[in-house]
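Hi everyone, thanks for coming. Please take a look at the structure on the screen, and I'll walk you through a few parts of it.

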Amino acid sequence: MLEHILNWLFPERCAGCHRLTGNLFCAACRERLQPFPPFPPPPGLDGAWVAFRYEGELIRAIHQLKYGRRRRIAYALGDLLATAVGPLSADALIAVPLHRDRFRERGFNQAAEIASRLRRPGGPPLLDGLVRVRATNRQARLAASSRAANVAGAFVWVKRTPPPCRIILVDDVLTTGATLAACATALRSAGAQSVSAVALARSLIGDSVVQ
Ligand SMILES: [Zn+2]
């Protein structure tokens, strides 16, 4: 109720088109989203699925989420991903972690906020335990060939108990898949059997994507 009153007094600005639509991501922007076509999983992943092309209003929304620190945009985008992906079959969801320095700088992990919207009663739980132990260079500044080396060994499973068998990693933007593959390597070496990924959007290589 309070939220309704506040939204009436101070209408929400859409993160996609910046209009005062009363919505974090308005219906017109949602309609302009283009589905991302199926593609073979990048090396190191057992499957990969992406909801939308990383363009236009989605780029603006993700930039505001990450650099404008508008955390609640993640909930609107996570709901869009949840609707697009449907029920997920796995033992657990794991969000791609941020290094603690980046986490402190931003105040939240956008992948974890998005992943929190994929939870469903009876569906796979969202687990922590995967940690980014090494701060990596921003992938956007690197050539595709350097991205895998940049993130290799950057992630570690830190719990004493092994991760569940079938895991779905969740991220906001997938580019080459090097980050997700490095997460998958860490999870497999800790005992996971299969690691797939879902992401909100995929860019073409060379787009200005940063972690
Ligand atoms: Zn809009």
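This is a predicted model: local features need pLDDT of at least 70, side-chain atom pairs count only at pLDDT 80 or more; totals for chains, interfaces and linings use all residues.

Let's step back into H7 itself, which covers residues 144-151. Which of its residues are buried? They are Arg147, Asn150 and Val151. Looking down the axis of H7, these buried residues fall within an arc of 75 degrees, so they line one face of the helix. Ser145 and Ala149, on the other side of H7, are exposed. And the cover over the buried residues includes strand S4 (130-132), strand S5 (155-157) and helix H8 (178-189).

Now for the nonpolar cores. The largest one has 37 residues, and the members touching the most others are Phe25, Leu58, Leu77, Leu118, Val170 and Leu200. Several elements each supply at least two residues to this core, including strand S1 (47-53), helix H3 (56-66) and strand S7 (194-202). Helix H4 gives the most, with eight residues. Another core, of 26 residues, lies apart from it, and Phe39, Ile94, Ile167 and Ala184 are among its members.

Let me finish with Asp172, in strand S6 (residues 166-174). Is Asp172 buried or exposed? With 2% relative accessibility, Asp172 counts as buried. Its side chain makes a polar contact of 3.3 Å with the side chain of Gln110. Asp172 also touches Leu200, and Leu200 in turn is in contact with residues including Val50, Leu58 and Leu77.

Notes. Residues are numbered from 1 along each chain as its sequence is written. Side-chain values use heavy atoms; hydrogens and water are left out. Helices (H or I, at least four residues) and strands (E, at least two) are DSSP runs, numbered from the N terminus. Buried means under 20% relative accessible area, exposed over 50%, partly exposed in between (1.4 Å probe, protein chains only). A polar contact is a pair of N or O atoms within 3.5 Å; within protein, one must be able to donate a hydrogen and the other to accept it, and residues adjacent in sequence count only if both atoms are side-chain atoms. Contact means heavy atoms within 4.5 Å. The arc is that of the directions from the helix axis to the C-beta atoms. A nonpolar core is a set of buried Ala, Val, Leu, Ile, Met, Phe, Trp, Tyr and Cys residues joined through side-chain atoms within 4.5 Å. Lists of a residue's contacts leave out its neighbours within four places in sequence.
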